[in-house]
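Hello,

Here is the structure I promised to pass on to you. Have a look at it first, and then read on for what I found.

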Amino acid sequence: MKMRSNNVCSRWVARVSRVAQVARVVGTAAALMSLSISITSTNAQVAVKAKTLHTMDGAAIADGVVIVTDGKIVAIGPWATTKIPEGYRVLEAVVATPGLVDARATVGLSGLYNQRQDQDQLDRSGPIQPELRAIDAYNPMDALVAYLRSFGVTAVNAGQAPGELVSGQTALIKTVGDSVDASVVIPMTAVVATLGPNSTRAGGSPGTRAKQMAMLRQELLNVRGEMEKRSREEAEAAKKAKDASEAAPAEAKPADSQVAPASSTPTDAATVPPIASTPAASVPVATKAIEPATATPPDRDLRKEALGAVLRKQVPLIVTANRAQDISSALRLAKEFDITLILDGGAESYMLADQIKAAGVDVILHPSMQRASGESENLSFETASLLRKAGVRFAIQSGFEAYVPKTRVVLLEAAIAAANGLSFDEALASITIDAARILKADARIGSLAIGKDGDIALYDGDPFEYTTHCVGVVVDGVVVSEVVR
Amino acid sequence: MRCEKGAKIVYCGGMRSNDVLRVVVMVAVVAAVTLVCFGQGVTATPKADEAKPTRPNAGQTMVFVGGRVIPIAGPELADGVLIVRDGKIVAVGKTGEIAVPDGAVVVDVAGKTIMAGLVDTHSHVGGVASADRSSPMQPECRIMDSINPKDSGFRRVLAGGITTMNIMPGSGHLLSGQTLYAKPRRPGGKAPERVDDLFIVDKQGEPMWGVKMANGTNSLGDPPFSGTRAKSAAIVRERFIKAREYKAKLDDAKLPDGTMDPAKAPTRDLALETLVEILEGKRIVHHHTHRADDILTVLRLREEFGFRVVLHHTSEAWKIPDAIAKAGVSCSIILVDSPGGKLEAAELNWKTGGILERAGVRVSMHTDDWITDSRLFLRSAALAVRAGMTREGALKALTLVAAEQLDLADRVGSLEAGKDADFIILSGDPLSVYTHVLETWIEGVRVFDRSNADDRLFAVGGPGAGKDQAIYLCCAQDGFWFGGKQWGSGGTSGGGSAQGSNSSSGGGQ
């Protein structure tokens, strides 16, 4: 791993062995683990053997092994034909899957204790704040991050919660590390919006659905107007420069500017930690070079930059909409502005599954066990299977919880879907490869395939069964959890 | 034969189930179908779900054969028989070892599992709102006066296989009132008109109930509520001391024939009367308590006043199992998907059930609905097993131990002759995620049938299942912080919003 120094690696290994010691003390817990421990170096290379290896990249492999070198998967296949290199630490499990991907979470922002000082998932000072970045709020040290990890969740698309018309951004983050800079995969995966009464303001604005849409449309029109104006100005400036240079070829080159014009990426290199080391292929935000600026670079506006990224389809707009009418509104909005829409929540999405399919829109579905009330009163355990039947691509999320339980666990939520009409593979896809595809991160995560990140979850049986345990978790080739959960 | 869908009728003649003549079967099936269809008031072409036997006629016996039986009171029977008559269990046993009476309606449940109906010691279903904000202890408030028996939550309760429940007020008070021990019956296959239809009555015909108390953080507040834990305990002690004095006056006024001497009897005081019933051991205190020190405070007060208590939630009981075992007090635990959400639940752990069990503590479980959904109550037992509790202990926790904690173990909680015919039919093992509750029976009457479209709606969800009822989270009445603001009073819209639902106070605490 380029992103992780040896020091960091050794810290992790030390931590893992401490965990292992604790686990051994808890005798019954240790007995449940089927991990053979043979650390040979601080840069432990890992192989995971499983009786059933769900790669999510083709059929499951019986008696399979996946080999991870320097954080990446280098080989995968049956034990019989796949040689484990000398000195690798070998983990064994009944079942192994890709590390689970939680497509929409507030973990790390809405902390365990639920006190004023650890609740950073929603700023209520204004209805439209797309500039609020997830990476500035996410706390990788919150105990719930480690809790999710212990079930096999290795990546979360965490960020601002629903509750304002545009509440901010989300980021895709691995559930490891001491700083978000070290663990972020994609610093800006989406801008998030909320339709319906959950984002209205009593006695204020927006106070109604119609007002919400009017505000959202006006905001997008304003930004689009500025973008168009900016392109015209740039074109004119370029023409002038060309004319001038033709008139006087010896003129100085145009003035440099470090300031991103409105047309550049909102998650430019200056604001995104370089440590993210995200392969360009999986970055949804175009990282094109900053164009030579005009004589008068515009003032930067974080809010407009974020919405500009949505309008340029550099990032999707995740719209939380639970009522069918709000889902319709979201589809209408996406069509009007030609933006990439991802529906979030979707309690009544089964009612409009065909329209969602026709619009080519993905759904990040509410947790299966979300309480049926208010905007979500008509939710169903069977929504996932109804979306599947309609051919809609979806992921199942942990979502936001205001009280108890403070976070949900996508493994447990997908299990309920698997018991209510989804096949095992479909349910697992909703928290692995399909979640990764929806987040445009499938070049790195979501399945076990050569070249992808070595993120693997180990179980002692059917991962969805209530009484099965997660017995180990590997992230970027490092064993990060051996808690028997 | 549309009438036969589901738990089909194989025989209703007068012979043993394993000794069936084909001819008789044909006749018998027709007879049974006719009986059942017409018994349901269906005329020409009955719908499948209306045709299955929902109850035997008075004096008639119903026999369930061919399935696995989990009686709770004894070992599981791979091939068992359950015999029911007049709302009571007549017999439970192995196939072939138990006589099937003549004239019985025989139901084949091959491939399915029959288990005792679940007992939930702590539920908030029914749109309940008991004590108000006027004082921290309101023992005079009866939850029965606030229950909406038509609340759709009762349909979810039945879909989850719960046949007995303790409907409780919230934890926003040191004492928030009287609870109600209830059965989610459906008289005539419909939601009850009156809350009385839910009652479980004692020998005097009076509804049975306990008392809800709470300590820790939920019951704290501005005066007259307590601001600290020490103040909480002081308020409770003062009130119980007053109750003792009141009890002394009552005892003094009591005449040899049991009536009161009007000259001596104090003016009736509804609040103190309730506390006296606690002091007399007539009422069990159901005590919300999470943190280890809070649990120990409950034990301290119990020792001082001698009341009977069940410890509810007990997030940190795993830290002090021996103290709880030594006190001989039982626990009703909750298993939620993650710890936290409030300080006192920050160390909640699924392993609590197993640790308490190994320490010798009687352990039950509860939904705290909506905290966990009544439809997923079986899941609680499975998660406890996942974290180290025995299967037997976990299934008892959902049934017999819970019944003990409601003083109902002689009537419900296991499949034993003489007990109420409260049972569930499952599609598979009770601890598997893939298992569904197929049918729920209360007192010999089927009150939930997954193959019935209307029942299924509440089991699965969908348009109309929610009926727009406000979520009531028992412990959230004092709000929670997010976005730098304190939100909510009792209600939250769950995962749908980060701003809670400040308009739906549900429990009204």
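**A buried valine in a loop of chain B**

B:Val125 is buried, since 27 other C-beta atoms lie within 10 Å. Please keep in mind throughout that this is a predicted model. The residue sits in the loop between strand 7 (118-123) and helix 3 (153-159) of chain B. Setting aside neighbours within four places in sequence, B:Val125 touches B:Asp151, B:Gly153, B:Phe154, B:Val157, B:Ile167, B:Asp369 and B:Ser374.

B:Asp369, in contact with B:Val125, is joined to B:Trp370 by a cis peptide bond with omega about 10 degrees. B:Trp370 is in the loop between strand 15 (363-365) and helix 9 (377-386) of chain B.

**The rest of chain B**

Chain B has 12 helices and 20 strands. Of its 509 residues, 58% are buried. Among contacts in chain B with a separation of 6 or more, 68% are between residues 24 or more positions apart. The domain assignment gives domain 1 (118-460) and domain 2 (476-509) for this chain, and the centres of these two domains, taken over C-alpha atoms, are 24 Å apart.

How do helix 4 and helix 5 of chain B cross, and at roughly what angle? The axes of helix 4 (residues 229-253) and helix 5 (residues 270-279) of chain B come within 9 Å and cross at roughly 90 degrees. The two helices of chain B, helix 4 and helix 5, are therefore roughly perpendicular to each other. Helix 4 of chain B brings B:Arg239, B:Phe240, B:Lys242, B:Ala243, B:Arg244, B:Tyr246, B:Lys247 and B:Leu250 to the contact, while helix 5 of chain B brings B:Leu272, B:Leu275, B:Val276 and B:Leu279. By type, the residues of this contact between helix 4 and helix 5 of chain B are 8 nonpolar, no polar and 4 charged.

One backbone angle in chain B is also worth a look. B:His313 has a positive phi of about 75 degrees although it is not a glycine. This histidine, B:His313, lies in strand 13 (residues 309-313) of chain B and is buried, with 31 other C-beta atoms within 10 Å.

**Chain A: domains**

Chain A contains 12 helices and 15 strands, and 57% of its 485 residues count as buried. For contacts in chain A with a separation of 6 or more, residues 24 or more positions apart account for 71%.

Chain A is divided into domain 1 (1-99 + 446-485) and domain 2 (100-247 + 257-445). Their contact takes 22 residues from domain 1 of chain A and 29 residues from domain 2 of chain A. On the domain 1 side, the elements of chain A that give two or more residues are strand 4 (89-98), strand 14 (470-475) and strand 15 (478-481). Strand 14 of chain A gives the most to that side, with 3 residues. The residues on the side of domain 1 of chain A that touches domain 2 of chain A divide into 11 nonpolar, 6 polar and 5 charged.

**Chain A: local features**

Which residues of helix 9 (residues 383-390) of chain A are buried? They are A:Thr383, A:Ala384, A:Leu387 and A:Arg388. Viewed down the axis of helix 9 of chain A, these buried residues fall within an arc of 140 degrees, so they line one face of the helix. An α-helix has 3.6 residues a turn, so residues three or four places apart point the same way. The buried residues of helix 9 of chain A pack against helix 8 (353-358), strand 11 (362-365), strand 12 (394-396), helix 10 (410-418) and helix 11 (424-429) of chain A. After helix 9 of chain A comes A:Gly391, with a positive phi near 85 degrees.

A cis peptide bond joins A:Val404 and A:Pro405, with omega about -5 degrees, and A:Pro405 is placed in the loop between strand 12 and helix 10 of chain A.

Finally, A:Asp70 has a positive phi of about 50 degrees although it is not a glycine. A:Asp70 lies in the loop between strand 2 (61-69) and strand 3 (72-78) of chain A and is partly exposed, with 13 other C-beta atoms within 10 Å.

Best wishes

How values were computed: Residues are numbered from 1 along each chain as its sequence is written. Chains are lettered from A and ligands numbered from 1 in the order in which they are written. This is a predicted model: local features need pLDDT of at least 70, side-chain atom pairs count only at pLDDT 80 or more; totals for chains, interfaces and linings use all residues. A residue is buried if 20 or more other C-beta atoms lie within 10 Å of its own, exposed if 12 or fewer, and partly exposed in between; C-beta atoms are placed from the backbone. Helices (H or I, at least four residues) and strands (E, at least two) are DSSP runs, numbered from the N terminus. The arc is that of the directions from the helix axis to the C-beta atoms. Two residues are in contact if their C-beta atoms, placed from the backbone, lie within 7 Å. Domain bounds come from an automatic or database domain assignment. Axes are lines fitted to C-alpha atoms, for helices over the stretch in contact, and angles run from 0 to 180 degrees between N-to-C directions. Angles under 35 degrees count as roughly parallel, over 145 as roughly antiparallel, 65 to 115 as roughly perpendicular and the rest as oblique. Ala, Val, Leu, Ile, Met, Phe, Trp, Tyr, Cys and Pro count as nonpolar, Asp, Glu, Lys and Arg as charged, and the others, Gly among them, as polar.
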